[in-house]
Amino acid sequence: MSPEEILAHAQRRIDDLAPAHYIGGRFVPSTGSATIEVINPGNEKRLGVASNGTAADVDAAVAAARAALPGWARLTPAGRAELLFRFADAIDDSADLAALEALNVGKSYAYAAYEIPFISDCFRFMAGAARTAQTPAPGQYAEGRLSYIRREPVGVVGAITPWNFPLLMAAWKIAPALAAGNTVVLKPSELTPLSTLILADLSRGILPDGVLNVVVGEGATVGEAMSRHEGIDMMALTGSVASGRLVAEGAATTIKRVHLELGGKAPVVVFPDADFDELVQTLVTVGYGNAGQDCGAATRVICHEDVRDRLLEALVTAAGQLRSGDAASGEEFELGPLISAAQRDRVAGMVDRARKDGARVVLGGEIPDGPGFFYPATILADVVSGSEMAREEVFGPVISVETFTTDAEALAKANDVEYGLAASVWTRDQARALRFTEDLNFGSVWVGTHLNFVSEMPWAGFGKSGYGRDNSTYALDDYSRTKHVMLPLGAPLDA
């Protein structure tokens, strides 16, 4: 099928999807009557209607997850892996997932389809990694006693995922949790619930009933009920700092484990010897990709003053060629809309305040006319260090440029944020690159690239970017608990 046909088929799938939650292996109506209109941000038209769940819906999902937990936890890692591999195959075989993601989030079909292999790979990696989990060697650490470690699931995991990458973030939560033997109750963003519901539907007939449950609704109701629920043993969230605080506060009432991946303000430190062709292409791709709505986006450039003008000229040329578009049209484009009018207005407000703080707009900077929540590719020069634009997350297609003269100044500016999620260094000097990777206070630091993910390596933040690891075997550690078992040894044999 052509992209247009795939998108049309996905829209029919949405039309057939009655407002419901996925609980206990089937779609069930909400216990409440409230619904949520789901909007295509590219044209502001209604895509469909989703349930606005209740605390009673959360109770039902938790009950299903707890009922499924003993059987799922008792499966061998190989048994769980076999089912997760089948789930990954179903994800790869579904054209609807990418199309729904494109329509609901606003990204192009090609961009959404590009994400699907990363999603299925996450399930395959976690399925295999759970079979190789390691513990300290059993031994006689106390005289006459044998000690060993049991690695066990935490229990029922409550997961909350954001609207910028609904499927990918769902995979980053579901895959390690299930691979470790937990069951899951997941709340997608009320702005983008559709692809997650279809993802759950793909699991039907593969995962046992109740292993994966999805409750749709607003954070103030569904998220709050999950965070405080006595039947949920752990909460995992990707979202804003404000959302993370609320989840942590709710989880504290039952002393449950918390896993938070929050905001970012990634510095891109550029030295005169950087590969400028690769740098500019990377900035355009991962600065403006997904309309800049990415917590690790390359949107905060800290550039040596000797090459600032060269960088700005090349960046303005490349960014000025980006095409905007609506996924529903089936046409290809690079720059989609922001998720909502509120998000677009927030981005525009930050750009306006940066102007007042002394920044110079060299590209974009104005809300365009026409339908859709669009904001143009924007570049700000002469951004004042310590200002809101230099330190706070924009979450939009805005690249800001600051300058430095010495290595020490570059490092100080890069670290002058409360977030510690991602950073990159652009230099051919390996000694300098190594010094910066040691001294940058961020959970992921790339040299000569940015936002280059692999399932084998962790994605984790410092500071206000949260705690807990996505991807890698470290994620399996987060979704597991360890139990020390000590047994008496028999009496020694006579000589």
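Start by selecting residues 300–304: that is strand 13, and Ile302 sits in it. Keep in mind as you click around that this is a predicted model.

Now colour Ile302 by accessibility. Its relative accessible area is 0%, so Ile302 counts as buried, the cut-off being under 20%.

What does Ile302 touch, leaving out residues up to four places away in sequence? Select Pro267, Val268, Val269 and Val270, which are among its contacts.

Time to zoom out and show the protein chain as a cartoon. You'll be looking at 16 helices and 22 strands. The radius of gyration is 24 Å, close to the 23 Å that the globule rule gives for 495 residues, so the chain is as compact as a globular protein of that length. Along the principal axes, the C-alpha atoms fill a box of roughly 80 × 65 × 45 Å.

Back to contacts, this time for the whole chain: of those with a separation of 6 or more, 74% join residues 24 or more positions apart. As for burial, 57% of the 495 residues count as buried.

Colour by charge and you'll find 42 positive and 62 negative side chains, with the centres of the two sets 6 Å apart.

Methods. Residues numbered from 1 in each chain as written. Predicted model: local features only at pLDDT ≥ 70, side-chain atom pairs only at ≥ 80, totals over all residues. Heavy atoms only, no water. Helix = DSSP H or I, 4+ residues; strand = E, 2+ residues; numbered from the N terminus. Rg over C-alpha atoms; globule rule 2.2 N^0.38 Å. Buried < 20%, exposed > 50% of the residue type's maximum accessible area, 1.4 Å probe, protein only. Contact = heavy atoms within 4.5 Å. Lys, Arg positive; Asp, Glu negative; His and termini not counted. Charge placed at Lys NZ, Arg CZ, Asp CG, Glu CD.
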